[in-house]
Each structure stands twice: as C-alpha cells, then as structure tokens.
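Please walk me through this model in the viewer, one selection at a time. I would like to know what to pick next and what is found there.

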Amino acid sequence: MTWPRALLMLHVFAVYGSDAATYVFDDSAGLGRTFDGIGGLSAGASSKLLVNYPDEQRSQILDYLFKPKFGASLKILKVEIGGDVQSTDGTEASHMHNSWDENYQRGYEWWLMVEAKKRNPNIKLYGLPWGFPGWIAAAPQDPYVDPQQTATYIVKWVQGAKMHYNLTIDIVGIWNERYYNATYVKSLIQTLRKVLDVNNLGHVSVAAADGTWDIADGMLEDADLAAAVTYIGAHYPSTVTTDAALKTGKQLWASEDYSTFNDNSGGGCWARIINQNYVNGHMTSTIAWNLITSYYENLPYPRNGLMTATEPWSGNYTVESPIWMSAHTTQFTEIGWLYLRHGNGVGHLQSGGSYVSLVSPDKKDLTIVIETLTQEHSKCNKPLDPYNVSAAQITIQLKGSFVSITQLQPWHSKPGFGSGDRDIYFEKRQPLKVTNGQVTLNVGVDEVWTLTTVSTGNKGSYPPPPPTKTFPLPYQDDFEGYAVSMEPNNFAQQLGSFEIVAEGNNKFIRQMVLQEPLAWWPNAEPKLGRSFSVIGDHSWTNISIKVDARITPVNGTSGVFLAARADKAGIALYDTGGVFFYVSPDNSSYILSSDLSKTQVVSTGPVQWRKGWNTIELRIMGEMVFGFVDGVEVVATRAPTEPTNGFAGLGTNNWGLADFDNLYIT
C-alpha cells in the first residue's frame with residue numbers, strides 16, 4: 001500500500017509526535033578521542049566457579065565473552081592481582097604469599113587470560129591489586145610505606161605472566177579504590193614506572209588511580225606524575241568526569257563500572273553507560289565488574305556479571321542481556337578507532353537517549369550506536385537524575401568522508417518489560433538504503449540500534465546448556481586429581497588461601513597465609529585473624545561435614561574448625577553466624593560457637609588430638625549439633641536457633657599452616 005505523503009507525515013507525527021530531528025555525522029571538522037575498547041573485570045573471586053565447569057560448557061561460555069564476532073567480543077580483560085585478601089566475594093591467591101616465595105601456578109586468572117588470548121590474540125590485559133600479602137608492609141599495613149617493594153611485587157606478576165604463560169600484560173594499576181594521597185600515590189606510581197622501565201617493560205602502561213578522578217589535580221600540578229600515567233581510570237563515575245581530568249589530555253576510562261543485577265534493566269544500564277560514558281564524560285573505555293557471575297548465588301552482588309555461570313556441577317549457565325548490549329559496540333569497532341566529535345556524530349537525542357559514532361583509522365568504516373533507554377529500565381548501582389525518553393524519527397545526515405556511503409547494516413535490541421513482551425536482542429535487520437547522504441530511522445523507547453558499514457556482525461549461539469541442578473550430595477574429595485598449587489574445586493575461600501600440596505603419593509589442601517593481609521578498603525577485610533573457606537548450598541540445614549586435618553610443626557596455626565549453616569560470606573563476613581566447631585590442639589580443647597568470631601560460645605570442653613592427621617566431624621540433626629574427633633563424640637548439645645541454614649566450610653583458628661584431606665559432606 002502506498003501512503004499519500006500528507007497521510008504518511010500524519011502517521012509519523014501520531015506515532016513519534018514532534019520528536020523528529022536531523023543529526024549530522026561529519027569528520028570534516030576533525031575527530032574526537034581514540035576508542036580504547038569495552039572490557040570485563042574478573043576480580044573479587046568473581047570467576048571462581050568457572051574453572052571447573054565441564055569442558056564443553058566452559059568453552060562455550062568463554063566464546064560468548066571473548067570470541068570476536070560471536071557474543072560480547074570484549075576488547076579488554078582486567079584481572080585482580082591476587083593478594084590473599086577478601087576482595088568482595090572471596091580471596092584470590094597471591095603469587096607471593098611470603099617474601100621468599102614465588103609461585104605462578106596459583107589461582108585462576110592466569111588460566112582465564114590464556115583462554116581470552118586464545119580466542120582474541122589482540123585483547124588487552126590489565127592487572128590491578130585489590131590488596132597485598134601482609135609482608136609487603138607489616139607496620140603500618142600500607143603498601144605505600146615501601147614503594148620499591150610494592151612496585152617490585154607488581155612487576156614480578158607482570159614478568160611471571162610472560163615467563164610462565166607467554167602473556168604480555170598491557171596495563172597495570174597500583175591499588176584498587178583506596179584513598180588518594182598525592183605524596184604516596186605519586187611515589188608509588190613513579191617508582192612503578194621506573195621498575196617497569198628498568199626491567200624492559202616500557203610497553204606496559206600505568207592506569208591510575210582506580211578510584212576517583214582526584215589524581216587529575218595532582219597530574220596538572222606535577223609533570224613527572226603526569227608522564228608516568230597513561231590512563232586516568234575512575235570507578236563508577238556515573239557517566240561524568242571532571243574539568244581537571246579533561247585538562248590533563250589523558251585518555252579517561254571508566255576502569256570499573258556496571259555492577260548491576262543482569263536482568264533486562266541491567267542490560268539497559270550497561271547499554272546506556274557504554275554510550276554515555278563518552279557522550280557525557282569523554283571516557284574511551286568502560287570495563288564491567290564483573291566479567292561473569294561465577295560465584296555462589298548467596299554471596300554479595302548476585303548476578304552482577306555480563307553473564308551467569310554458578311553451577312559447575314550441572315554445566316548450566318545463562319547468556320544474559322549485557323552480552324548482547326556489549327555486542328552493539330564491540331562487534332563493529334576495534335581498539336584504535338576514533339570517535340567523531342561532539343555535535344558531529346556524538347551527543348544526546350532531542351527525544352532522550354544518546355548516540356555515538358566511531359570511524360576506522362582509514363575512514364573506510366563507520367559505526368553508529370543509538371540508545372533510548374529510559375530511567376526506569378536502565379538503573380545502575382547509583383541513582384540517576386530524572387530524565388524523559390520518547391519515540392522519535394531520526395534523520396541521519398552523512399557528510400565528509402561518509403557522504404559516499406550507500407547503505408548501513410542495522411542491528412536492533414529491545415528488551416521486553418511488559419507482560420508478554422518479547423525480548424529482542426541483537427537482531428539483524430534489512431540493510432538501510434542511504435540516499436543523498438541521508439537515512440531515516442524510527443526509534444522507540446528502550447531500544448538500542450547499531451548502524452554500520454561493517455558486515456561481519458554475528459549473533460553466536462550454542463545448544464541450550466544442561467538443566468540446573470542443586471549441589472550434589474553426598475560430596476567427597478580426596479584432592480588427588482588436582483595439579484599442585486591449584487585451588488580445590490567448589491571451595492570459595494573467604495579469608496586466607498587454600499591450595500593443593502603434594503607429600504609423597506598423597507595430595508591435600510593447605511592453608512598458606514601466615515599473617516594479616518593488607519585490605520583493599522578499611523571495612524572489606526574484617527580483622528578476624530583466621531582463614532575460612534565455604535562450599536555447597538546456602539539452603540543446607542541438616543548437614544554433616546567431615547575432614548582429616550593436620551597442623552604443621554613449622555608455622556602451624558593453633559587450631560582448625562568446621563562450619564555449617566554459615567549465613568554470610570564475602571565482604572559481609574565480619575558478622576557471619578552459623579555453627580562453628582573449633583578444635584585447638586595447642587590446649588587440647590574445643591569451642592562450639594554460633595558465630596565465626598567466637599563471640600557467641602555455645603559449649604567448650606577437652607579433646608584428645610594426636611600428632612599428625614586427625615579426623616574431625618561436625619554434624620547437625622534437627623535441633624541437635626554433634627562434634628567428633630577421631631570418631632569420639634566430644635560435644636552433643638542443642639543447635640543455635642539462628643541461623644537455620646547456610647554454607648558448610650572449614651578454616652583455621654588463626655593465621656598459620658594447616659592441612660585438610662578426605663572431605664566428606666552429607
């Protein structure tokens with residue numbers, strides 16, 4: 001049916017009101033900043049459960065994250081440089097538990113970086129410490145005290161990545177989200193730059209300060225500090241920067257952002273900030289924490305990742321909306337492309353929403369990304385000022401190098417927010433014909449559009465993963481199937497660091513931390529002075545956990561414990577309740593407590609403990625709790641009334657070495 005022009009214009013007005021506008025895309029007046037890429041952040045033990053997924057599903061997950069032209073197609077992988085410190089949902093192992101110790105087999109970030117590089121050899125790698133092992137600066141506990149020692153520790157991690165995995169680290173930071181002190185930060189950054197250069201690592205850039213924009217003021221006042229920093233990185237900047245940061249002329253990054261529940265609104269948040277971090281704040285990279293939610297669901301910040309994979313025992317995972325919101329930018333750009341200037345391809349839509357455009361260095365390709373996410377459907381972890389969005393007819397006027405473009409490839413997303421609404425994610429549409437440099441697009445509310453000359457976009461897919469399952473019981477592990485220095489599967493270490501050790505023909509796990517680590521922020525690492533690792537299902541109520549335990553004669557802890565019904569973990573660990581059965585060989589006694597800190601003691605009494613291995617068991621049956629040492633019942637009493645459910649776990653009474661073997665939970 002052919003509409004008369006007058007009727008057609010009446011229809012457009014009825015649907016889109018007066019919100020019809022023309023936007024010019026022109027490089028004649030010059031270009032904007034260089035695009036540095038969209039990335040994901042694995043930190044705070046956020047990728048812990050991914051390691052032991054079945055090979056097939058694990059490979060699929062990694063493809064959705066890193067494989068070019070498939071899913072999120074991420075350009076940057078940022079990882080925590082483990083420091084044996086509670087860093088949100090657990091602890092990540094340090095490559096140097098002690099000053100005399102170097103081991104580059106610990107943890108899972110090495111493996112993750114290798115897998116990312118397999119899929120995208122051009123991905124950029126970025127390392128940042130959240131905390132540090134205690135030996136870095138025992139008194140006071142501050143890595144700024146000895147900048148040479150701290151810088152050397154970071155550089156050893158960079159060198160270890162190359163030596164053991166042939167990984168080239170591109171960027172390092174100094175300390176996650178800590179206070180900005182001009183004197184100390186300057187000293188550490190400049191020392192880090194010098195140590196990198198002395199070790200022929202001049203290619204490694206320094207990003208700072210991974211907190212606020214405050215460092216920009218110091219850089220304007222100090223040319224040496226400015227010279228040492230390549231990228232100014234701020235966390236959760238709410239799409240805005242400061243005048244001082246802009247005046248430095250440095251590339252500005254949202255070096256950690258997002259951290260939002262990954263439903264449709266979370267995808268809306270991610271799409272909006274990818275665009276508006278540049279529109280409002282001139283930020284040329286945005287990095288999401290977390291890369292993937294692969295930690296127990298009852299730990300802090302559930303489903304705050306680009307996708308979700310919390311069941312290695314089943315293989316189930318979910319490709320969440322932020323994967324496809326990432327693809328709108330990442331599949332049609334590369335690091336080194338350039339933004340157009342504000343007003344000539346970057347800006348806000350008159351009807352609400354935003355648009356950015358990027359051009360390849362040879363100016364042969366153009367990508368335009370438009371978002372019209374409403375405030376209600378794009379809430380991030382910080383409040384938004386009120387704003388309105390309405391449907392509109394957009395006319396795109398191409399000028400300059402783009403005047404000869406004859407068609408654009410459109411990709412469209414529209415999350416469903418109403419009852420029965422269909423989710424549309426990253427759907428390829430028919431090419432749009434460009435006539436006399438113009439093309440018209442009708443955009444609705446809560447939509448994302450990519451218009452591009454790049455023809456290689458692809459919505460990758462795999463068959464559905466296996467169905468979800470509960471954590472398997474009974475559960476047992478003799479730890480013989482692991483490589484030395486690995487973390488045991490399914491254990492989420494919360495304080496301290498547990499790794500596989502071999503002795504003759506036997507393998508077991510050992511708690512390795514000897515002294516209080518340096519916390520990443522003052523309240524994140526409760527000074528409980530002990531190690532703790534959790535496992536299982538937070539809904540567990542009646543449970544038995546049994547393990548063989550041994551305290552080493554050198555640098556040993558004073559005791560060990562088992563836990564059940566542990567109700568909290570992560571950065572909420574300081575007031576964890578549950579049932580905790582502490583056994584202390586040094587004074588041949590036990591303590592049964594209803595909290596991790598042992599402030600709520602239920603029962604105490606004597607125990608017999610042999611040198612070497614002993615078997616301890618904590619058993620809860622209804623209203624009763626029982627404790628056993630080597631099969632002998634040492635306590636039988638009424639269980640605390642609260643909490644009624646939680647994780648199982650084990651740990652040490654204080655910092656020091658202890659060994660655990662032959663775990664059995666039922």
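A salt bridge here is a side-chain nitrogen of Lys or Arg within 4 Å of a carboxyl oxygen of Asp or Glu. By that rule, the structure, which is a predicted model, holds 24 salt bridges.

**Stop 1: E487 and K48**

Select E487, in the loop that runs between strand 23 (475-477) and strand 24 (492-495). K48 sits in the loop between strand 3 (37-42) and helix 2 (55-66), so the pair links distant parts of the chain, 439 residues apart. Are these two residues buried or exposed? E487 has a relative accessible area of 8% and is therefore buried, since the cut-off for buried is under 20%. K48, at 7% relative accessibility, counts as buried too.

Next show the side chain of Q493, which is joined to that of E487 by a polar contact of 3.4 Å. To see the rest of the surroundings, display A93, G107, Y108, Y482 and F498; these are among the residues in contact with E487 when its neighbours within four places in sequence are left aside.

**Stop 2: D659 and R550**

Move to D659 in strand 37 (residues 658-665) and R550 in strand 28 (residues 544-551). Their salt bridge has its closest N and O atoms 2.8 Å apart, and the pair links parts of the chain separated by 109 residues. D659 is buried, with a relative accessible area of 0%. R550 also counts as buried, at 13% relative accessibility.

**Stop 3: D567 and K568**

Select D567 and K568, whose side chains meet in a salt bridge at 3.3 Å, N to O. D567 counts as partly exposed at 21% relative accessibility, and K568 is partly exposed with a relative accessible area of 28%. For a salt-bridge network, now pick D63, E115, K118 and R119, which are joined into one through shared partners.

**Stop 4: the nonpolar cores**

Which residues have the most contacts inside the largest nonpolar core? They are F66, L77, I189, I215 and F532, in a core of 173 residues. Zoom in on F66: not counting residues up to four places away in sequence, F66 touches S73, L74, L77, L112, A116, R119, N120, I123 and L291. Finish with the second, separate core, which has 25 residues. Select V359, I396, L408 and L441, which are included in that second core.

Key
Residues numbered from 1 in each chain as written. Predicted model: local features only at pLDDT ≥ 70, side-chain atom pairs only at ≥ 80, totals over all residues. Heavy atoms only, no water. Helix = DSSP H or I, 4+ residues; strand = E, 2+ residues; numbered from the N terminus. Polar contact = N/O pair within 3.5 Å; in protein donor to acceptor, adjacent residues only side chain to side chain. Contact = heavy atoms within 4.5 Å. Core = buried A, V, L, I, M, F, W, Y, C linked by side-chain atoms within 4.5 Å. Buried < 20%, exposed > 50% of the residue type's maximum accessible area, 1.4 Å probe, protein only.
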